[in-house]
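I opened my notebook to record what I looked up in this model, one entry at a time.

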Amino acid sequence: MEEAGWLRPVMPRTGQPYSVMMGNLGELGWISDRAGYRYAPVHPATGQPWPAMPPALLEIWRDLANCAAPPECCLVNLYRGNARMGLHQDRDEREMRAPVLSLSLGDRALFRVGGLERRDPTRSFTLSSGDVVRMGGGARLMFHGIDRIIPASSTLIPGGGRLNLTLRRVTPYP
Ligand code: MD3
Ligand code: FE
């Protein structure tokens with residue numbers, strides 16, 4: 001993951017930094033800057049392509065995604081300390097028939113899922129190391145977020161924290 005080039009993106013317009021560090025693997029990486037959110041084939045700071053998608057991740061997608069096309073992006077989020085992710089939808093992908101598959105590693109997280117509207121009621125779950133979440137079909141556009149990480153709840157990651165790997169298909173397939 002070192003080559004994935006950790007960056008702490010900033011939010012569109014405000015330039016407010018995220019508390020999560022991000023990196024990408026695969027053909028396309030998800031990035032956020034003052035101009036907006038988008039998928040880009042190269043790292044914004046270095047201009048270099050993202051590292052290739054590891055075969056092990058393609059295999060997990062093949063086994064669990066139930067999708068006719070391979071993923072193009074693995075967004076890697078690193079949560080340390082008080083990092084969190086506000087309630088949002090994943091809607092920058094152009095292929096909404098494909099699910100989003102998320103793998104959790106390291107410290108446990110309090111995960112919140114709502115409905116298709118921001119104001120819908122939410123439910124909370126704990127995500128533990130090794131958990132895989134598949135959001136497809138009617139769940140693909142549900143609002144979701146990470147309220148907090150439970151510190152030192154795993155020893156998997158050197159230095160502590162939580163890694164979330166999110167596999168996504170971005171471009172339409174036939
Ligand atoms: C529910 N990541 O990168 S993963 C993200 O743990 C993101 O880092 C969180 O939300 C994390 O966009 C949550 C679980 C997840 C991923 C995608 C979803 C839940 C989802 C898409 C729709 C609904
Ligand atoms: Fe998300």
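I first checked burial and noted that Asp90 and His144 are both buried, where buried means under 20% relative accessible area with a 1.4 Å probe and protein chains only. I keep in mind that this is a predicted model, in which local features need pLDDT of at least 70, side-chain atom pairs count only at pLDDT 80 or more, and totals for chains, interfaces and linings use all residues. Residues are numbered from 1 along each chain as its sequence is written, ligands are numbered from 1 in the order in which they are written, and side-chain values use heavy atoms, without hydrogens and water.

Next I looked up the metal. His88 (NE2), Asp90 (OD) and His144 (NE2) coordinate the iron ion (ligand 2) at 2.1 to 2.2 Å; donors are N, O and S atoms within 2.8 Å of the metal (3.2 Å for Na, K and Ca), and water is not among the atoms, so sites may look incomplete. Asp90 lies in the loop between β5 and β6 (100-106) and His144 in strand β10 (residues 144-149), so the pair ties together parts that are 54 residues apart in sequence; strands here are DSSP runs (E) of at least two residues, numbered from the N terminus.

Then I turned to ligand 1. A polar side-chain atom of Tyr79 lies 2.6 Å from an oxygen atom of ligand 1, while for His88 I noted 3.1 Å and for Asp90 3.2 Å, polar contacts being pairs of N or O atoms within 3.5 Å.

Last, I traced an open sheet of four strands, with antiparallel pairing and the order β5-β10-β7-β8, where two strands pair if DSSP finds at least two bridges between them. Its edge strands are β5 (85-88) and β8 (123-127), each pairing on one side only.

Conventions:
Buried means under 20% relative accessible area, exposed over 50%, partly exposed in between (1.4 Å probe, protein chains only). A polar contact is a pair of N or O atoms within 3.5 Å; within protein, one must be able to donate a hydrogen and the other to accept it, and residues adjacent in sequence count only if both atoms are side-chain atoms.
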